[in-house]
Amino acid sequence: MVAAHAQALKKPIRWFSMPQLFRYERQQRGRLREHFQLNMDIIGEAGPLADAELIAAAIDIMRAFGLGPKDVQARIADRRVLRALLLGRGVTEAQLGAAFGVIDKSERVPREALEDMLQKAGLEKAETRTVLDIAALRGLDAVTAALAKVKGGEEASAPLRTATEALTAMGLAEFIQIDLTIVRGLAYYTGIVFELFDTAKKLRAICGGGRYDDLLKALGGPDLPALGFGMGDVVLGELLKERSVAPKASTELGAFLVAVSGDDVATVLQLAHALRERGMAVEYGLRHAPVRKQLELAAARGAPRAVIIGPEERGAGVALVRDLHSGTEAKVPIDKLLNGFFD
């Protein structure tokens with residue numbers, strides 16, 4: 001559907017659906033033959049702020065149900081990081097698939113079986129240990145330190161670091177873990193991947209997804225970067241079995257947030273997340289652009305107002321709120337924006 005209408009759609013395309021899906025396999029806890037699934041995708045944006053936006057959306061769904069970081073965690077990795085680490089430590093291009101598969105299974109399969117799988121794929125004992133050592137890396141600092149020792153490591157780490165910093169700016173640092181065992185089984189993933197789990201690890205993944213920049217082109221469509229996730233109702237239902245809280249959120253866009261300079265992006269991220277916490281639907285540019293371009297996107301989205309933050313506003317703790325219908329504008333304290341100004 002996106003490929004057929006891509007040229008006419010304003011980028012980035014925020015796409016979601018909630019279909020009823022079916023699978024042909026044995027039923028078990030958390031995996032039924034029939035379920036409903038929320039699919040969320042961002043199409044046409046290659047920058048890591050899009051990855052952070054998507055992961056934040058998944059976390060915020062959990063928060064809307066009343067779940068906190070002690071209940072759920074987003075485990076995040078990047079296939080580009082794994083690729084750089086593996087190739088830099090002696091694994092060949094032909095062996096990457098087997099190495100990815102073993103890393104993906106490393107929490108569920110005994111070490112001896114994993115070593116056997118790698119040796120059958122042609123890896124020597126040294127490379128086998130390397131693969132399992134890489135799978136054990138946890139945390140951005142440990143991953144960055146490992147990448148510093150291989151060719152192309154710094155470049156490979158940049159998107160994951162930027163996405164992590166953006167999630168931290170949104171106030172979601174407690175919800176995320178950098179965990180290289182998250183690979184995702186489908187070969188079309190090309191970059192950051194993530195899965196959401198209950199912290200007790202008693203259930204399957206609540207949702208999972210990542211970046212698939214080459215998929216639309218491979219299917220005969222336009223060459224557009226893309227990323228997305230799917231969240232089924234079965235595992236979520238298991239997790240919420242004893243809860244009855246439903247999220248309260250507006251479906252109508254309330255404001256478009258504009259960052260005047262690159263230094264203002266973090267403040268915009270913080271404000272956007274705070275407004276969303278209060279039930280307001282807001283949007284912002286996933287790649288910094290001139291103010292004029294951001295305002296054009298705000299108008300195209302149908303936003304009734306733009307909330308503009310530049311160095312002067314940021315220093316004064318205010319935002320410039322512009323009515324996009326009448327053109328009137330006023331400087332409003334940030335605290336007031338967060339306490340009923342838009343009601």
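Mentor: Let's start with a term: a nonpolar core is a set of buried Ala, Val, Leu, Ile, Met, Phe, Trp, Tyr and Cys residues joined through side-chain atoms within 4.5 Å. Buried here means under 20% relative accessible area, exposed over 50% and partly exposed in between, with a 1.4 Å probe and protein chains only. The model is predicted, with local features needing pLDDT of at least 70 and side-chain atom pairs 80 or more, while totals for chains, interfaces and linings use all residues. Residues are numbered from 1 along each chain as its sequence is written, and side-chain values use heavy atoms, leaving out hydrogens and water.

Trainee: Which residues touch the most other members of the largest nonpolar core?

Mentor: Ile-76, Met-231 and Leu-257 do, in a core of 93 residues. Its largest share, nine residues, is supplied by helix H2 (residues 48-64); helices (H or I, at least four residues) and strands (E, at least two) are DSSP runs, numbered from the N terminus. A separate core has 10 residues, including Val-258, Leu-295, Ala-298 and Ala-303.

Trainee: What does Met-231 touch, not counting residues up to four places away in sequence?

Mentor: Its partners include Phe-36, Leu-38, Ile-61, Leu-196 and Leu-236, where contact means heavy atoms within 4.5 Å.

Trainee: Why is Leu-196 called buried?

Mentor: Its relative accessible area is 1%, which is under the 20% limit, so the word applies. Leu-196 sits in strand S6 (residues 192-198). Among the residues it touches are Ala-58, Gln-73, Cys-207 and Met-231.

Trainee: And what makes Ala-274 buried?

Mentor: The value for Ala-274 is 14%, again under 20%, so Ala-274 counts as buried. You'll find Ala-274 in helix H11 (residues 265-277). Its C-alpha lies 17 Å from that of Arg-305, 31 residues away in sequence.

Trainee: What do the buried residues of H4 pack against?

Mentor: They pack against H3, helix H5 (111-120) and H6. Leu-96, Ala-99, Phe-100, Gly-101, Val-102 and Ile-103 are the buried ones in H4. The axes of helix H3 (residues 79-88) and H4 come within 11 Å and cross at roughly 120 degrees. Seven nonpolar, no polar and two charged residues make up the contact of H3 with H4.

Trainee: Last one: how do you know whether H7 and H8 are roughly parallel or roughly antiparallel?

Mentor: Helix H7 (residues 140-147) and helix H8 (residues 153-169) pack at about 165 degrees, with axes 9 Å apart. That is over 145, so H7 and H8 are roughly antiparallel. Their contact holds four nonpolar, four polar and two charged residues.

Note on methods: Axes are lines fitted to C-alpha atoms, for helices over the stretch in contact, and angles run from 0 to 180 degrees between N-to-C directions. Angles under 35 degrees count as roughly parallel, over 145 as roughly antiparallel, 65 to 115 as roughly perpendicular and the rest as oblique. Ala, Val, Leu, Ile, Met, Phe, Trp, Tyr, Cys and Pro count as nonpolar, Asp, Glu, Lys and Arg as charged, and the others, Gly among them, as polar.
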